[in-house]
Amino acid sequence: MTVATRKRKPAEEGGAVFDRELDDLPQELRWREWMGRIEAVLFASASPVGREDLARVVGQGASVEILIDDIQAELTDRPYELAQVAGGWMFRTRSQFADVIKAAADLGEESLAFTEMEMGVLCAIAYHQPIDRAGLADIFGKEVSRDLLARLRYKDLIASGPRSPRPGAPHTFVTTETFLLTFDLQSLRDLPELELEGAARTIDDVSDRS
(Lines give C-alpha, C1' and ligand atoms only; values in the text may rest on other atoms or scores of the structure.)
Protein backbone atom coordinates (compact mmCIF):
# COMPACT_ATOMS: atom_id res chain seq x y z
CA MET A 1 0.00 0.00 0.00
CA THR A 2 1.44 3.37 -1.01
CA VAL A 3 1.56 6.48 1.14
CA ALA A 4 -0.97 8.05 -1.19
CA THR A 5 -3.33 5.11 -0.73
CA ARG A 6 -2.99 5.13 3.07
CA LYS A 7 -3.78 8.83 3.25
CA ARG A 8 -6.77 8.65 0.96
CA LYS A 9 -10.14 8.82 2.65
CA PRO A 10 -12.06 5.52 2.61
CA ALA A 11 -14.83 5.22 0.07
CA GLU A 12 -18.31 4.92 1.47
CA GLU A 13 -20.51 2.03 0.44
CA GLY A 14 -22.67 2.84 -2.54
CA GLY A 15 -19.91 4.82 -4.29
CA ALA A 16 -17.83 7.76 -3.12
CA VAL A 17 -17.58 11.16 -4.74
CA PHE A 18 -14.47 11.24 -6.92
CA ASP A 19 -11.77 13.23 -5.12
CA ARG A 20 -10.10 15.46 -7.70
CA GLU A 21 -8.38 17.83 -5.30
CA LEU A 22 -6.64 15.35 -2.94
CA ASP A 23 -6.30 18.06 -0.30
CA ASP A 24 -5.38 15.45 2.33
CA LEU A 25 -2.10 14.68 0.53
CA PRO A 26 1.17 16.63 0.73
CA GLN A 27 1.78 18.75 -2.36
CA GLU A 28 4.46 16.49 -3.84
CA LEU A 29 2.38 13.34 -3.45
CA ARG A 30 -0.68 15.12 -4.79
CA TRP A 31 1.23 16.12 -7.94
CA ARG A 32 2.55 12.59 -8.43
CA GLU A 33 -0.97 11.20 -8.05
CA TRP A 34 -2.27 13.62 -10.69
CA MET A 35 0.55 12.58 -13.05
CA GLY A 36 -0.38 8.95 -12.45
CA ARG A 37 -4.03 9.62 -13.18
CA ILE A 38 -3.22 11.32 -16.47
CA GLU A 39 -0.91 8.47 -17.48
CA ALA A 40 -3.60 5.92 -16.60
CA VAL A 41 -6.22 7.70 -18.71
CA LEU A 42 -3.86 8.00 -21.67
CA PHE A 43 -2.73 4.37 -21.46
CA ALA A 44 -6.37 3.23 -21.37
CA SER A 45 -7.31 5.22 -24.47
CA ALA A 46 -6.65 4.12 -28.04
CA SER A 47 -7.16 7.65 -29.33
CA PRO A 48 -5.93 11.11 -28.29
CA VAL A 49 -7.45 12.49 -25.07
CA GLY A 50 -8.23 16.19 -24.97
CA ARG A 51 -7.34 18.69 -22.27
CA GLU A 52 -10.93 18.97 -21.05
CA ASP A 53 -11.15 15.23 -20.36
CA LEU A 54 -7.78 15.13 -18.60
CA ALA A 55 -8.72 18.11 -16.44
CA ARG A 56 -11.58 16.06 -14.95
CA VAL A 57 -9.16 13.82 -13.07
CA VAL A 58 -6.90 16.47 -11.50
CA GLY A 59 -7.46 19.40 -9.18
CA GLN A 60 -8.91 22.65 -10.45
CA GLY A 61 -5.69 24.49 -9.74
CA ALA A 62 -3.53 21.95 -11.58
CA SER A 63 -2.14 22.73 -15.03
CA VAL A 64 -2.68 19.81 -17.38
CA GLU A 65 0.05 21.16 -19.65
CA ILE A 66 2.65 21.26 -16.84
CA LEU A 67 1.66 17.77 -15.69
CA ILE A 68 2.09 16.58 -19.28
CA ASP A 69 5.52 18.26 -19.44
CA ASP A 70 6.60 16.44 -16.27
CA ILE A 71 5.42 13.10 -17.66
CA GLN A 72 7.24 13.75 -20.94
CA ALA A 73 10.45 14.58 -19.05
CA GLU A 74 10.35 11.15 -17.39
CA LEU A 75 9.97 9.40 -20.75
CA THR A 76 13.17 10.76 -22.30
CA ASP A 77 14.92 7.38 -22.37
CA ARG A 78 11.83 5.24 -22.94
CA PRO A 79 10.89 3.60 -26.29
CA TYR A 80 7.57 5.41 -26.24
CA GLU A 81 6.61 9.05 -25.96
CA LEU A 82 3.67 11.28 -25.08
CA ALA A 83 2.66 13.11 -28.24
CA GLN A 84 0.19 15.93 -28.85
CA VAL A 85 -1.84 15.06 -31.93
CA ALA A 86 -5.38 15.51 -33.25
CA GLY A 87 -6.43 17.91 -30.50
CA GLY A 88 -5.21 15.82 -27.57
CA TRP A 89 -2.41 13.65 -26.18
CA MET A 90 -1.64 9.97 -26.59
CA PHE A 91 1.16 7.50 -25.93
CA ARG A 92 2.92 6.10 -28.97
CA THR A 93 6.11 4.22 -29.68
CA ARG A 94 9.05 6.19 -31.00
CA SER A 95 9.56 6.01 -34.76
CA GLN A 96 12.98 4.34 -34.50
CA PHE A 97 11.28 1.23 -33.08
CA ALA A 98 8.87 0.78 -36.02
CA ASP A 99 10.85 -2.10 -37.57
CA VAL A 100 11.15 -3.83 -34.20
CA ILE A 101 7.39 -3.69 -33.64
CA LYS A 102 6.69 -4.87 -37.18
CA ALA A 103 9.01 -7.86 -36.72
CA ALA A 104 7.58 -8.82 -33.34
CA ALA A 105 3.98 -8.55 -34.53
CA ASP A 106 4.71 -10.25 -37.87
CA LEU A 107 2.99 -7.41 -39.70
CA GLY A 108 4.90 -8.00 -42.91
CA GLU A 109 4.22 -5.33 -45.48
CA GLU A 110 0.81 -4.40 -44.08
CA SER A 111 0.85 -0.63 -43.84
CA LEU A 112 -0.83 2.56 -44.96
CA ALA A 113 1.11 2.61 -48.21
CA PHE A 114 -0.43 4.82 -50.90
CA THR A 115 -0.37 4.93 -54.66
CA GLU A 116 0.55 8.29 -56.15
CA MET A 117 -3.05 8.90 -57.14
CA GLU A 118 -4.35 8.02 -53.67
CA MET A 119 -1.90 10.46 -52.11
CA GLY A 120 -2.89 13.13 -54.62
CA VAL A 121 -6.60 12.69 -53.87
CA LEU A 122 -5.98 12.62 -50.12
CA CYS A 123 -3.96 15.83 -50.44
CA ALA A 124 -6.74 17.47 -52.47
CA ILE A 125 -9.37 16.50 -49.91
CA ALA A 126 -7.21 17.70 -47.01
CA TYR A 127 -6.70 21.14 -48.51
CA HIS A 128 -10.14 21.65 -50.09
CA GLN A 129 -12.54 19.89 -47.71
CA PRO A 130 -15.43 19.55 -47.74
CA ILE A 131 -15.21 18.60 -51.41
CA ASP A 132 -17.36 16.32 -53.58
CA ARG A 133 -16.39 14.10 -56.52
CA ALA A 134 -17.19 16.85 -58.99
CA GLY A 135 -14.82 19.17 -57.14
CA LEU A 136 -12.10 16.51 -57.25
CA ALA A 137 -12.75 16.06 -60.97
CA ASP A 138 -12.26 19.81 -61.44
CA ILE A 139 -8.86 19.55 -59.73
CA PHE A 140 -7.61 16.43 -61.53
CA GLY A 141 -9.23 17.05 -64.89
CA LYS A 142 -10.97 13.69 -64.77
CA GLU A 143 -13.30 11.69 -62.53
CA VAL A 144 -11.84 10.14 -59.40
CA SER A 145 -12.94 6.52 -59.12
CA ARG A 146 -15.28 5.37 -56.40
CA ASP A 147 -12.94 2.45 -55.71
CA LEU A 148 -10.07 4.82 -54.88
CA LEU A 149 -12.27 6.81 -52.51
CA ALA A 150 -13.50 3.55 -50.97
CA ARG A 151 -9.89 2.52 -50.26
CA LEU A 152 -9.24 5.80 -48.46
CA ARG A 153 -12.45 5.25 -46.49
CA TYR A 154 -11.36 1.72 -45.61
CA LYS A 155 -8.12 3.12 -44.20
CA ASP A 156 -10.30 5.55 -42.17
CA LEU A 157 -8.50 8.55 -43.67
CA ILE A 158 -11.61 10.18 -45.14
CA ALA A 159 -15.29 10.27 -44.23
CA SER A 160 -18.52 11.79 -45.50
CA GLY A 161 -18.88 15.51 -44.96
CA PRO A 162 -21.88 17.83 -45.33
CA ARG A 163 -23.98 17.74 -48.47
CA SER A 164 -22.65 19.84 -51.34
CA PRO A 165 -24.73 22.82 -52.57
CA ARG A 166 -24.43 21.45 -56.11
CA PRO A 167 -27.59 20.08 -57.82
CA GLY A 168 -28.53 16.75 -56.26
CA ALA A 169 -26.73 17.66 -53.02
CA PRO A 170 -23.99 15.03 -53.37
CA HIS A 171 -21.94 13.92 -50.38
CA THR A 172 -18.66 15.65 -49.75
CA PHE A 173 -15.46 14.20 -48.33
CA VAL A 174 -13.46 15.32 -45.30
CA THR A 175 -10.40 13.97 -43.52
CA THR A 176 -10.63 12.13 -40.21
CA GLU A 177 -8.84 12.00 -36.88
CA THR A 178 -6.96 8.98 -38.23
CA PHE A 179 -5.63 11.26 -41.00
CA LEU A 180 -4.26 13.65 -38.38
CA LEU A 181 -2.69 10.78 -36.43
CA THR A 182 -1.19 9.18 -39.53
CA PHE A 183 0.51 12.39 -40.62
CA ASP A 184 1.35 13.55 -37.09
CA LEU A 185 -0.80 16.68 -37.20
CA GLN A 186 -2.34 18.44 -34.23
CA SER A 187 -5.03 19.97 -36.47
CA LEU A 188 -5.61 20.85 -40.12
CA ARG A 189 -4.00 24.21 -39.39
CA ASP A 190 -0.70 22.30 -39.22
CA LEU A 191 -0.89 21.30 -42.88
CA PRO A 192 2.11 22.82 -44.69
CA GLU A 193 1.36 25.86 -46.79
CA LEU A 194 1.28 25.09 -50.49
CA GLU A 195 2.15 27.44 -53.30
CA LEU A 196 -0.85 27.18 -55.61
CA GLU A 197 1.25 26.84 -58.77
CA GLY A 198 3.40 24.11 -57.24
CA ALA A 199 0.40 22.27 -55.82
CA ALA A 200 -1.38 22.33 -59.17
CA ARG A 201 1.75 21.03 -60.91
CA THR A 202 2.07 18.17 -58.39
CA ILE A 203 -1.56 17.15 -58.84
CA ASP A 204 -1.19 17.34 -62.64
CA ASP A 205 1.86 15.05 -62.44
CA VAL A 206 -0.05 12.50 -60.36
CA SER A 207 -3.03 12.70 -62.72
CA ASP A 208 -0.83 12.11 -65.79
CA ARG A 209 0.73 8.98 -64.25
CA SER A 210 -2.58 7.38 -63.27
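W31 is partly exposed, with a relative accessible area of 23%, where partly exposed covers the range between buried, under 20%, and exposed, over 50% (1.4 Å probe, protein chains only). This is a predicted model, in which local features need pLDDT of at least 70 and side-chain atom pairs count only at pLDDT 80 or more, while totals for chains, interfaces and linings use all residues. Residues are numbered from 1 along each chain as its sequence is written, and side-chain values use heavy atoms, with hydrogens and water left out.

**Aromatic pairs**

- Five aromatic pairs turn up in a search of the whole structure, a pair being rings of Phe, Tyr and Trp (its six-membered ring) with centres within 6.5 Å, called stacked if the planes are under 30 degrees apart, edge-to-face if over 60 and tilted for the rest.
- One of these joins W31 and W34, whose ring centres are 6.1 Å apart and whose planes stand at 70°, so the pair is edge-to-face.
- W31 and W34 are separated by about one helical turn, because they are three residues apart in helix α2 (residues 27-44); helices (H or I, at least four residues) and strands (E, at least two) are DSSP runs numbered from the N terminus.
- W34 is buried, with a relative accessible area of 7%.
- F43 and Y80 also form an edge-to-face pair, at 6.1 Å centre to centre and with 70° between the planes.
- Because F43 lies in helix α2 and Y80 in strand β1 (residues 80-85), this pair ties together parts that are 37 residues apart in sequence.
- Y80 is partly exposed, with a relative accessible area of 24%, and ring pairs link F43, Y80 and F91 into a cluster.

**Surroundings of H171**

- H171 is found in strand β4 (residues 171-175) and is partly exposed, with a relative accessible area of 41%.
- Leaving aside residues up to four places away in sequence, H171 touches D132, S160, G161, P162 and R163, contact meaning heavy atoms within 4.5 Å.
- Although H171 and G161 are ten residues apart in sequence, their C-alpha atoms are 6.4 Å apart in space.

**Helices α6 and α7**

- In α6 (residues 116-128), the residues M117, G120, V121, A124, I125 and H128 meet L136, I139 and F140 in α7.
- By class, this contact of α6 with α7 has seven nonpolar, two polar and no charged residues, where Ala, Val, Leu, Ile, Met, Phe, Trp, Tyr, Cys and Pro count as nonpolar, Asp, Glu, Lys and Arg as charged, and the others, Gly among them, as polar.

Note on methods
Axes are lines fitted to C-alpha atoms, for helices over the stretch in contact, and angles run from 0 to 180 degrees between N-to-C directions.
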